[in-house]
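The sequence and structure come first.

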Amino acid sequence: MAAHRKPKHSPLGGQAARTAATLALASAATATVFEGSGHAEPRLTPAQVKAKVDRLYQEAEVATEKYNGAKEKADAARNALDRLRDESARRTDRLNTACNGLGSIATAQYRSGGLDPAVRLALTSDPEQYLARAAIAEKAGERQAAAITSVRRELTGIRQLRAEADERLTQLRGHETDLREQKAAVQAKLSEARSLLARLTAEERARYEAAAAGSGRGDSGGSGATTGTTGSRADRSSGLRGPVTAPNSRAAQAISFARDQIGKPYVWGATGPSAYDCSGLTQAAWRSAGVALPRTTYTQINAGQRVSRSALAPGDLVFFYSGISHVGLYIGGGQMIHAPRPGAPVRVAPIDEMPFAGATRVG
């Protein structure tokens, strides 16, 4: 005979159970939607990727120029510290010499007994001989006083040098910290740009890189610059209409040097000879003409006479963006030679491809 069991009752009634099940399913669906939306990254169009990458490269260039400035200051502080240490070592040698001389005088006095002059006069049997010796002793006293003065002077100088060296060391450590921070900022921007470019298809990326490389890739163009003219094959390939007159031989030499660098890669922080960043190229170009420019864009703009865009002449430095973060070397006809950014080598380009910020004439 089958056993009779009482049916188990749910704590929730039929309608309540159906309502709970519905809520559970809704919650699960909602959780799935939020989970998916939290991890999904929107698909950017090639144009959006290009815009973001261009912005990142421009921000990286700002950080690069800050890095260049910090490096210049760190190098100057390090050189000053080395000079102070060298001078301190020389002064220490002079101090040791003065101390040795003072020690010799003290030893001589000890050996002579260090008697009071009046006592030595009373004991001597030859007053003339005493007076002669007294004169010698007086000279020795003068030498001793001079030796003491020399020791004091060297000690004071060494203390001052050490205090200045400590100050320079503090400055150097601050510049080195800034250097590390700017280097990390550059690397982070470039890494983000590479990640964005990796989202493009091979064909899209090839089109982007080809556009970035521009018409100047691989075109050395020859020197093409002599005193008074700057015409060359690079002019023709970049759209210039015939030779352009350079204002002087130094400007012609700077342009000639820059032409020889066309096709070399952009590397942030580089000053040549195999790679350049933008201010490294202009600095090297004018250095070849015997003109020393500072290292960064925001110091180069103050290195000469400001000129308006309408008054530009070949050899002028042309600057871009509100933060003065990019510079090129004007070659006439609305064109410049510049080091654009990573992936885009030194090339000829129109100056209107970036927001113009100012120009400076040097040399």
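## The second largest pocket

By class, 9 nonpolar, 3 polar and 6 charged residues line the second largest pocket. Here Ala, Val, Leu, Ile, Met, Phe, Trp, Tyr, Cys and Pro count as nonpolar; Asp, Glu, Lys and Arg count as charged; the others, Gly among them, count as polar. The model is predicted: local features need pLDDT of at least 70, side-chain atom pairs count only at pLDDT 80 or more, and totals for chains, interfaces and linings use all residues. Residues are numbered from 1 along each chain as its sequence is written, and side-chain values use heavy atoms, with hydrogens and water left out.

The lining has 18 residues, and Asp54, Tyr321, Pro340, Arg341 and Arg347 lie nearest the pocket centre. Helix H2 (46–111) and helix H5 (202–213) are the elements that give two or more residues to this lining. H2 gives the most, with 5 residues. The pocket holds about 360 Å³ of space. A pocket is an open set of points on a 1 Å grid over the protein atoms alone, where a 1.4 Å probe fits, with protein on both sides within 12 Å along at least five of seven lines; lining residues have an atom within 4 Å of a point. Points are joined across faces, edges and corners, and the volume is the space filled by probe spheres set on them.

## Backbone features

Most residues other than glycine have a negative phi, and most peptide bonds are trans. Tyr321 has a positive phi, near 75°. Ile324 also has a positive phi, of about 50°. Tyr321 sits in the loop between strand E2 (317–320) and strand E3 (326–332). Ile324 is in the loop between E2 and E3 too. Helices (H or I, at least four residues) and strands (E, at least two) are DSSP runs, numbered from the N terminus.

Tyr321 is partly exposed because its relative accessibility is 22%. Ile324, at 15%, counts as buried. Buried means under 20% relative accessible area, exposed over 50%, and partly exposed in between (1.4 Å probe, protein chains only).

Gly272 and Pro273 are joined by a cis peptide bond, with omega about 0°. Pro273 lies in the loop between helix H7 (249–260) and helix H8 (278–287).

## Helix H7

H7 has 12 residues, so at 1.5 Å a residue it should span 16 Å; its end C-alpha atoms are 17 Å apart, which agrees. The expected span is 1.5 Å times one less than the number of residues. Buried residues of H7 include Ala251, Ile255, Phe257 and Arg259.
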